[in-house]
Amino acid sequence: MRWTRARFLRQPRAGLRAAPRVGPGVGPGIGLTAGVIAKLGAQFRLRAEFEPDASLRCCDHRRDAAVTTVFEVMMMTIRQPNPAPNATPSPAPAEPPRSWPTQLYHRLDDGRVQCDVCPRACALREGQRGLCFVRGREQDAIVLYTYGRSSGFCIDPIEKKPLNHFLPGTPVLSFGTAGCNLTCRFCQNWDTSKSRAMDSLADAAAPEQIAQAAERHGCRSVAYTYNDPVIFLEYATDTAVACHEHGLRNVAVTAGYISPGAREAFFAPMDAANVDLKGFTERFYRKLCSASLAPVLETLEYLRHETSVWLELTTLLIPGENDSDAELNRLSAWVVEHLGPDVPLHFSAFHPDYKMRDLPPTPPATLARARRIALQNGVRYAYTGNVHDGEGGSTWCHACGHLLIERDWYQLGRWGLTADGRCEQCGTPCAGVFEAQPGNFGARRAPIRLAH
């Protein structure tokens, strides 16, 4: 398996069709066209507070500790395909590259190089890394250190992303890398997203190998998740292009903290996205994520109005931080006004973890209250998550109240949609990407290894 830069496709691949998106105000089927990286426009100059205990030298952070070099320690080899009879033996499998070239950066007048992937706009001197820790400066350019490396691969139900209106019941091959461009104190995946060590990247695969594995295991899509794929943009988009060539869909699970100039490049080959809308105040984002709400809202509006990516939102409700009636009313009203009533909204339960172990878990009653507020404000599809709630986890017709998709955790039950995605009782379309029959993958998870 050679490590080469995938070429973005300007035209859809022949033979690839997307399931129709139906429902009032929903556009035509998902396009499989991947765009080229857009010319950089005006970039955010937001400077958020860095994680106070990050003991590394990054951006303008003036600690004396040198940047760790553990990314150079562990390299995983890729198994070659079986050669044809009498074929010339292939050379030894190549290792994943130590670093990978990127394009989203520019030089500043003071000699630093600014990364233009996210609103942090990390300005780096030679040898420094950004806050995400996986993008850094080498030879007057920004490079990616996790291309071809993963924290692991797992086949999940698509509902676990969570996506309730995108190919229900089908399996998705999920993977992530390490690092993150946010500093969320409540992170539920902190072991990988906050990792500063290569030992968290225990598997490796080239983009084509991931696409082949997903196809071989019967997956309908590949999800870029566990940590935010925005920071491994080049690896994610190259893999997405390879997946389209195999007839697979692509799913981004992201916080949406991405700069305008990077949005087209990242989302062009994506078919669905679940964006983590962490709260609905600037105070929440500054205090708990060292970030800003405004760029996330801009990403959501971009996805909804300038792409054909199927969009769903998730908000983790943290007791006392983002679960007040006032904030939930503002959040759900904004979704309806700016994104439309058909964008599904998931309210997920917080569990004490990482740097917020002093708070209690989210009560189920809080999730039910949030769902009720969203429905009252016009959100047609509101869900509860991380708790066992048959009613809150199922899909109901917004017109007549008929049960459309029954769910018990990630297991599908009764199916009340027609072959063209309408309520079988009243004929009202259900917004989403559906097929005539749902998948039957169930709730199981299957970790797999791609490197040998």
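Modeller: Two packed helices are described by the angle between their axes and the distance between the axes. In this predicted model, helix 6 (residues 293-306) packs with helix 7 at an angle of about 40°, and their axes lie 10 Å apart. Helix 6 is therefore oblique to helix 7.

Biologist: Which hand does the crossing of helix 6 and helix 7 have, and which residues make the contact?

Modeller: The crossing of these two helices is right-handed. Helix 6 contributes Leu-297, Leu-300, Glu-301, Arg-304 and His-305 to the contact, while helix 7 contributes Trp-334, His-338 and Leu-339.

Biologist: Let us turn to helix 8. What is its reach from first C-alpha to last?

Modeller: Helix 8 covers residues 364-376, 13 residues, and reaches 19 Å between those two atoms, close to the 18 Å expected at 1.5 Å a residue.

Biologist: Which residues of helix 8 are buried, and where do they lie when seen down its axis?

Modeller: Thr-366, Leu-367, Ala-370, Arg-371, Ile-373 and Ala-374 are the buried residues of helix 8. Seen down the axis, they fall within an arc of 160°, so they line one face of the helix. The face turned away from this buried side carries the exposed residues Pro-364, Ala-365 and Gln-376.

Biologist: What do the buried residues of helix 8 pack against?

Modeller: Their partners include helix 7 (325-339), strand 15 (310-317) and strand 16 (345-349). Strand 17 (382-385), helix 9 (390-393) and strand 18 (395-396) are also packed against.

Biologist: What follows helix 8?

Modeller: Gly-378 follows helix 8, and its phi is positive, near 105°.

Notes:
Residues numbered from 1 in each chain as written. Predicted model: local features only at pLDDT ≥ 70, side-chain atom pairs only at ≥ 80, totals over all residues. Heavy atoms only, no water. Helix = DSSP H or I, 4+ residues; strand = E, 2+ residues; numbered from the N terminus. Expected span 1.5 Å × (residues − 1). Buried < 20%, exposed > 50% of the residue type's maximum accessible area, 1.4 Å probe, protein only. Arc of directions from axis to C-beta. Contact = heavy atoms within 4.5 Å. Axes fitted to C-alpha atoms, helices over the stretch in contact; angles between N-to-C directions. Parallel < 35°, antiparallel > 145°, perpendicular 65-115°, else oblique. Left-handed = near helix turned anticlockwise from the far one by under 90°.
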